[in-house]
Amino acid sequence: MNILIIEDEKNLAQALCRIMEEEKWQATAVYNGQDGLQHATQYPYDIIVMDIMLPGLNGFDIVKELRNQKMDIPVLMLSALDEIPDKVKGLNVGADDYMTKPFSPAELLARIRVLTRRKGEVIIEKIEFGDLVLSLSTCELECNGKSIHLAYKEFEIMKLLMYHPKILTSKEELINSVWGNDSEAIDNNVEAYISFLRKKLLFLKSKVTIKVIRKVGYHLEYSDA
């Protein structure tokens with residue numbers, strides 16, 4: 001399960017990430033409303049856990065925009081507010097559940113499981129693009145019956161690129177998603193892993209290539225010639 005956490009209290013956001021990762025779930029934390037909305041609309045998440053009071057856009061505005069864009073991803077709102085009108089407002093704009101801080105990690109995890117089941121969670125086992133198949137359970141990249149195992153960061157980068165092969169993904173976006181917002185990773189780290197992936201594509205004799213537009217980002221291209 002892939003979870004987006006939008007929380008401006010960085011210590012709490014990182015604590016939530018650790019809780020999710022202990023369940024073997026992937027979690028990405030962002031710390032303001034504008035970044036939260038951007039991540040929610042650009043990347044595939046199974047559920048969003050977010051605070052209401054956020055810099056930039058508040059949680060109500062984010063949910064309203066997601067629903068206006070016809071995105072039905074489950075949203076669990078967190079807030080120190082304990083007034084009934086705030087809970088009602090959150091549910092009315094399209095949130096699926098509401099928890100008041102402080103809360104127990106066990107209850108949070110239970111509610112996440114309920115929400116993803118309620119929305120008919122579909123477990124995607126593989127992503128395909130061109131002649132490539134990426135297994136999300138084994139981290140194996142396959143091409144025409146030949147396969148190779150990807151290391152964790154290779155897998156995360158390839159997954160992002162294959163989810164949106166035509167969309168340019170910047171180095172900054174890759175660093176935030178793969179290394180984390182607080183990471184000290186730099187552009188050279190991304191370039192190194194892109195190089196690793198290109199070598200593995202050559203090994204597989206794939207017709208998919210990783211293209212770069214200088215100072216903009218990366219995308220995948222498939223040539224069946």
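1. Basis. The model is predicted; local features need pLDDT of at least 70, side-chain atom pairs count only at pLDDT 80 or more, and totals for chains, interfaces and linings use all residues. Residues are numbered from 1 along each chain as its sequence is written, and side-chain values use heavy atoms, with hydrogens and water left out.

2. Helix 1. Helix 1 spans residues 10-22. Helices here are DSSP runs (H or I, at least four residues), numbered from the N terminus. Helix 1 has 13 residues and reaches 18 Å from first C-alpha to last, close to the expected 18 Å. The expected span is 1.5 Å times one less than the number of residues.

3. Faces of helix 1. Ala-13, Leu-16, Cys-17, Ile-19 and Met-20 are its buried residues. Buried means under 20% relative accessible area, exposed over 50%, and partly exposed in between (1.4 Å probe, protein chains only). The buried residues of helix 1 fall within an arc of 160 degrees seen down the axis, so they line one face. The arc is taken over the directions from the helix axis to the C-beta atoms. Asn-11 and Glu-22 are exposed on the other side. Lys-24 follows helix 1 with a positive phi, near 70 degrees.

4. Helix 8. This helix has 18 residues and reaches 26 Å between its first and last C-alpha, close to the 26 Å expected. Its buried residues include Val-190, Ile-194, Leu-197, Lys-200, Leu-201 and Leu-204. These cover an arc of only 120 degrees around the axis, which puts them on the same side of helix 8. Lys-199 and Leu-202 are exposed on the face turned away from the buried side. Just after helix 8, Lys-205 has a positive phi of about 60 degrees.

5. Helix 6 against helix 8. Helix 6 (residues 152-163) packs on helix 8 (residues 187-204) at about 80 degrees, with the axes 10 Å apart. Axes are lines fitted to C-alpha atoms, for helices over the stretch in contact; angles run from 0 to 180 degrees between N-to-C directions. The pair is therefore roughly perpendicular (65 to 115 degrees). Helix 6 brings Lys-153, Glu-154, Ile-157, Met-158 and Leu-161 to the contact (heavy atoms within 4.5 Å). Helix 8 contributes Tyr-193, Ile-194, Phe-196, Leu-197, Lys-200 and Leu-201.

6. Asp-96. Asp-96 sits in the loop between helix 4 (84-92) and strand 5 (97-100); strands are DSSP E runs of at least two residues. Its relative accessibility is 18%, so Asp-96 counts as buried. Asp-96 and Asn-11 are 85 residues apart in sequence and 25 Å apart in space, C-alpha to C-alpha.

Technical notes: Angles under 35 degrees count as roughly parallel, over 145 as roughly antiparallel, 65 to 115 as roughly perpendicular and the rest as oblique.
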